[in-house]
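Here are some worked exercises on reading a fold from its coordinates. Have the viewer open, try each task, and then follow the solution step by step.

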Amino acid sequence: MAERKQVEIPPFLTVRELAERVGASPIDVIKRLMSNGIMASINQQIDFDTAAIVAEDMGFEARPLKVEEEAEEEEAAPTWRRIYADEPPESLKPRPPIVAVLGHVDHGKTSLLDTIRKTNVQAGEYGGITQRIGAYQVKHQGQTITFIDTPGHKAFTAMRARGAQGADIVVLVVAADDGVMPQTEEAISHARAAQVPIVVALNKIDKSNARPEQVKRQLADVGLVPDEWGGDTLVVPVSAKTGEGIEDLLEAILLVAAEAEIVANPDGKTAGTVLEAEMDRRRGVVATLLVQNGTLKIGDVVVAGMTYGRLRAMFDENGRRVKEAGPSKPVQVLGLGDVPEAGEMFTVVASDKEAKAIVEERKRQAEEATSRPRRTISLEEFFALSQDSETKELNLIVKVSAQGMLSPVLDSLEEVSTDDLKINFIHAGTGDVTESDVMLASTTNAVIIGFQVRVEPSARRLAEANGVDIRLYNIIYKLLEDVELALHGLLEPEYVETTIGKAEIRRVFRIPRVGKVAGCLVVEGEVRRNAQVRLWRGDEKIFEGRVRSLKRFDEDVREVRTGFECGIGLEGFDDIQEGDILEFFVVEKAGTQT
């Protein structure tokens, strides 16, 4: 009998990581998990015992990976160090830890952040709070800590998804009267995927129904074993309401930070993360940037995603003007030409010319990406593809709004299968369609079916980028009808019209050899060069057609958002007047990504 190969498995890893360790495709691993009664997506965390069962099913002998060995393996490219990869090791210096606070809704994330901030202000470290900028710094025992005031693990994930590491440490807030909840487990998965250490803030210990020991057992069950029980997770009892334990929590954060190599080169290439951004009618684009390497200065030319600009002003979290910001420092800046997306990385470049070239290249790549053929199957395409290939199963990912609906929907879908064309459920669960669902669909060539749920914005963008078909339904018979028609090749796409934006014509310009161009202000949504447009004069529709040109100043652009001015030329139509309204719309398949 051949000796089994050995595979080393850490206490927790994702399905994708397990597939890499056993040299198999993630699909095969997911199928093995399903055969053992476990529904897991490609990026979902599983524990050692579960992974060992799958590994042994696939002919491997699983053995625990020692912490020391795992640390050596990850040392090559820890997630948080990507941004410092090109810096000489001798130039790296300690910097303040960046902390993200995650947890289940209503467990007290916001209250805890407010209490930490107010306690620090009352201690005399800073003056009065004049504004909130999405992040702030506090001091404890002479050391600085940066807190990211994010709305939760989705924003934290957005930073990672775009290549930046948003935090060095995660503080997981768990209510002592409620315990580990679904969003708690999801936040844990995101922190583990980012290879970020976790400190647990056991909140609401002042409540009469608090049950801290029971919650600690729940934490141990999901792999966060308290240090007092021999584990490696610091669990700190706190009360955001009374302030109890806040000093202990800050101490715990500094202890964890001391064990991690949290460094940067203050004199190196300046880069970091966009925490949030908005259009202010008075000041223009206002963005909150978190510096992670180098030193950001007034006058620097910054590129962030699809926009750039020269910084003309910077403010700290107290609204005070500053001239520069070093590593781990959050600042609010003015000077970008457009609103960047939260989670985008920013870099400082030498000149406006270089910045413009970078942005134009990114826009070109984005246009190429949108013009690429679909990479996954759609519901309408299934029958034709099944006749021309060995594709005889329709892969579905099903999401419903409540647990009680799951079995009836799955059973009903099973009934519309035929002997020749079957439905294969890749994953089924409750809640809105997430990025994880889209990633799994892209990998398994599946269609996502949602019943009485919505699509998270980040998931919608990912689906569009990867050509994943998402079908949303509120009526069960319509869902079943569409799937049955798809199985028999009779499903025809339906199209719906969606208004995406409106612009008011403020001035009319006549340009030689071009014709009339409308000087417009976007008053609602956004206007796009590739959209269709109607011109309204009062209640009368004067024109319907396409856009000839869309410009911001002298530059051709793909889209312009609310609050910005632009120049618009209409294809084959010149009868434009001041006060006319341009209504932009797109026509899309019904039921997809809405």
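**Exercise 1: Two helices in contact**

The axes of helix 2 (residues 26–35) and helix 3 (residues 48–57) come within 10 Å of each other and cross at roughly 110°. A word on the source: this is a predicted model, in which local features need pLDDT of at least 70 and side-chain atom pairs count only at pLDDT 80 or more, while totals for chains, interfaces and linings use all residues. Residues are numbered from 1 along each chain as its sequence is written, and side-chain values use heavy atoms, with hydrogens and water left out.

Task: describe how helix 2 and helix 3 are oriented to each other, and list the residues that meet.

Solution. 
- Step 1. Settle the terms: helices (H or I, at least four residues) and strands (E, at least two) are DSSP runs, numbered from the N terminus. Axes are lines fitted to C-alpha atoms, for helices over the stretch in contact, and angles run from 0 to 180 degrees between N-to-C directions.
- Step 2. Classify the angle: under 35 degrees counts as roughly parallel, over 145 as roughly antiparallel, 65 to 115 as roughly perpendicular, and the rest as oblique. Helix 2 and helix 3 are therefore roughly perpendicular.
- Step 3. Look for contacts (heavy atoms within 4.5 Å). Helix 2 contributes Val29, Arg32 and Leu33, which meet Thr50, Val54 and Asp57 of helix 3.
- Step 4. Sort these residues: 3 are nonpolar, 1 is polar and 2 are charged. Here Ala, Val, Leu, Ile, Met, Phe, Trp, Tyr, Cys and Pro count as nonpolar, Asp, Glu, Lys and Arg as charged, and the others, Gly among them, as polar.

**Exercise 2: A buried strand with two partners**

Task: where do the side chains of strand 16 point, and which strands pair with strand 16?

Solution. 
- Step 1. Strand 16 (residues 301–304) sends Val301 and Val303 one way and Val302 and Ala304 the other, and all are buried. Buried means under 20% relative accessible area, exposed over 50%, and partly exposed in between (1.4 Å probe, protein chains only).
- Step 2. Strand 17 (residues 307–315) pairs with strand 16 in the antiparallel sense over 4 bridges, and Ala304 has Thr307 as its bridge partner there.
- Step 3. The hairpin of strand 16 and strand 17 has 2 residues between the strands, and Gly305 takes a positive phi near 65°.
- Step 4. Strand 20 (residues 345–349) is also antiparallel to strand 16, over 4 bridges. In strand 20, Ala304 is partnered by Phe346.

**Exercise 3: Buried or exposed?**

Task: are Phe553 and Ser549 buried or exposed?

Solution. 
- Step 1. Phe553 is in the loop between strand 28 (540–552) and strand 29 (555–556). Its relative accessible area is 72%, so Phe553 is exposed.
- Step 2. Phe553 and Glu565 are 12 residues apart along the chain, and their C-alpha atoms are separated by 8.6 Å.
- Step 3. Ser549 lies in strand 28. With a relative accessibility of 17%, Ser549 counts as buried.
- Step 4. Leaving aside residues up to four places away in sequence, Ser549 touches Gly567, Ile568 and Gly569.

**Exercise 4: The whole chain**

Task: how many helices and strands does the protein chain have, and what share of its residues is buried?

Solution. 
- Step 1. The protein chain has 15 helices and 32 strands.
- Step 2. Of its 594 residues, 50% are buried.

Key: Two strands pair if DSSP finds at least two bridges between them.
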